[in-house]
Amino acid sequence: MNHAIEVCGLHKSFGNQSILNGVDLVVPAGTVYALLGPNGAGKTTLIRILSTLTAPDAGTVRVAGYDVVAQKRDVKRSISLTGQFTAVDEVLTGEENLVMMGRLSGLSSKAARLRATELLERFDLTDAARKRVKTYSGGMRRRLDLAISLIVSHPVIFLDEPTTGLDTRSRRVLWDGITELARQGHTIFLTTQYLEEADQLADTVAVLKDGQIVATGTAEQLKAQVRSDRVELRDAEDRLVSRVPTDGTIRDLLGILNHLHSQVPADTRVSIQRPTMDDVFITLTAGEKEVSA
Amino acid sequence: MREAQFSVQPASSWTTNWVFIGRGIRHSLRDVDAMVMAIALPVMLMLLFTYVFGGALDPTGNYVDYVVPGIILLCAGFGASGTAVKVAEDISNGVIERFRTMPIQSLGVITGHVAASLVRNLVATAIVIGVALLVGFRPSVGLGAWLGAAGVIVLFILAITWLFAAIGLVAGSASAASGYGFILLFLPYLSSAFVPTRSMPQWLQGFATHQPITPAIETIRGLLTGLPIGTNAWWAVGWCLLLIVGAFVWCRVSFHQRSGQR
């Protein structure tokens, strides 16, 4: 299988502050890759290096088969980036933004106008097309931003925290857009702080911590890696009383309950919890220590 | 839902620059402050120097003939200073990042602002000359002299705008850009724009006579009023070209530095 993104031994520091300490990753073509990490983990730096905006200090980085240092222009032709902060021209209208970017992407002015109309409709912006972006809400800007990155078809799409700060409706529109792009065979590399987002969208989830990838796998694999199912006991006021790992078998559950029932009131409620992406995130980014009751 | 069916070549540098010039002009037109500045300032300065200061500076009443070139360049300075702010806004905004991830000459975004400044300032220049004619400016020179003066004015606008663009690039923020730009706006007062440099104290004369604005003003004044120009034209053109090339290189270097380091 072709790799849309290959990163090997990537290092980057600013001054004496080391941001990326040997990142290795591969993203197969046509898949969605979500990079999770706390603030300051180096997500944005990594995406900026992948999209040629920042030069790596060491390591090889290839995007769409091209080297991001030696073949910048070829990389740029193959990618689109939607940055963490919306990259739209506030002074222009939504339509003018799209037409301008279309022209810069090499469309004729007629094709650019057609494409703009199409995208405005698709991203629910037709009514605001002739208004200046300055007057747009955060969600509208974000949708325009994504529309701009889809003006021409790029094999590799980078999205840096695409839904940060969006309301539920705008987030839905974006998620649907991303799913659709993936279905059409685009490779999508996104960073996010929302675990649900990674869970929903990504084929592969990776966790970046202190400039290194500390875990990679499908959402399910990561959950399994973090910890097993667990039995939770809550009292009548729904406060957590006890949490015990379990392998889910009757024998194990009977053992746990037999042990606990003498220690807690009879109205204590019992539930079996599967690990969530939050658990994965917190475990992997907090270090090795994990409290299990 | 249709996907982009267009598989296209990146835009040519001609298209890129053209699109960015259009953007710059749109930005100018929608910036109400800048437009008011570009139109009202020339009118006010012209009236101020003719009716308020003019009588004292030249009791014969011909001060308007003397001051027109100075006001043109002063207005060009003010008009161009907006470029520093625009460039600083752009560079601190995400939109420049998008341009930089596209396979285009992204420096064109600066060229676009410079071109818009040129257009804005030529309008301001026309207003200065229009008002000057109304208040008694009577140049009696041929078309060639007018064209020559226009050429020097264009060169000067380009030089000072590229300088302001570079200031906008290194300033870090829009307000810092307009602060640093103020120094450039002060230069016309230390030239022969409003009074002959020989009326200044000795220590200032050297600077005032040889700084780039003085030969530009003397050339335009000479062309429009038929006075001898001497070597001023060469100095004016030389200075402007030097500044254009220097500021352009400065812009290029800092554009790539600035945007590479976030």
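The contact between the two chains takes 33 residues from chain A and 27 residues from chain B, two residues being in contact if their C-beta atoms, placed from the backbone, lie within 7 Å. On the side of chain B that touches chain A, the elements giving two or more residues are helix H1 (13-30) and helix H4 (95-100) of chain B. The largest share of that side, seven residues, is supplied by H1(B). Helices (H or I, at least four residues) and strands (E, at least two) are DSSP runs, numbered from the N terminus. The model is predicted: local features need pLDDT of at least 70 and side-chain atom pairs count only at pLDDT 80 or more, whereas totals for chains, interfaces and linings use all residues. Residues are numbered from 1 along each chain as its sequence is written, and chains are lettered from A and ligands numbered from 1 in the order in which they are written.

Chain B comprises ten helices and zero strands. Its radius of gyration, 20 Å, is close to the 18 Å that the globule rule gives for 262 residues, so chain B is as compact as a globular protein of that length; the radius is taken over C-alpha atoms, and the rule is 2.2 Å times the number of residues to the power 0.38. The C-alpha trace of chain B spans about 75 × 40 × 30 Å along its principal axes. Of the 262 residues of this chain, 45% count as buried; a residue is buried if 20 or more other C-beta atoms lie within 10 Å of its own, exposed if 12 or fewer, and partly exposed in between, with C-beta atoms placed from the backbone. Among contacts in chain B between residues at least 6 apart in sequence, 79% join residues at least 24 apart.

The largest nonpolar core has 150 residues, and those with the most contacts inside it are A:Ala34, A:Leu36, A:Leu50, B:Val128, B:Phe156, B:Trp162 and B:Ala165. Helix H3 (residues 63-92) of chain B gives the most to this core, with 18 residues. Such a core is a set of buried Ala, Val, Leu, Ile, Met, Phe, Trp, Tyr and Cys residues joined through C-beta atoms within 7 Å. Leaving aside neighbours within four places in sequence, B:Val128 is in contact with B:Pro42, B:Met46, B:Val68, B:Ile71, B:Ile72 and B:Cys75. B:Ala149, placed in helix H6 (residues 143-171) of chain B, counts as buried because it has 23 C-beta neighbours inside 10 Å. Residues up to four places away in sequence not counted, B:Ala149 touches B:Ile220, B:Leu223 and B:Leu224.

In chain A, the end C-alpha atoms of helix H4 (residues 109-122) are 20 Å apart, in agreement with the 20 Å that its 14 residues should span at 1.5 Å a residue; the expected span is 1.5 Å times one less than the number of residues. The buried residues of H4(A) are A:Ala112, A:Arg115, A:Ala116, A:Leu119 and A:Leu120. They cover an arc of only 135° around the axis, which puts them on the same side of H4(A), the arc being that of the directions from the helix axis to the C-beta atoms. Helix H3 (94-104) and helix H5 (138-149) of chain A are included in what covers these buried residues.

Although not a glycine, A:Ala64 has a positive phi of about 55°. This residue is found in the loop between strand S4 (58-63) and strand S5 (66-67) of chain A and is buried, with 20 other C-beta atoms within 10 Å.
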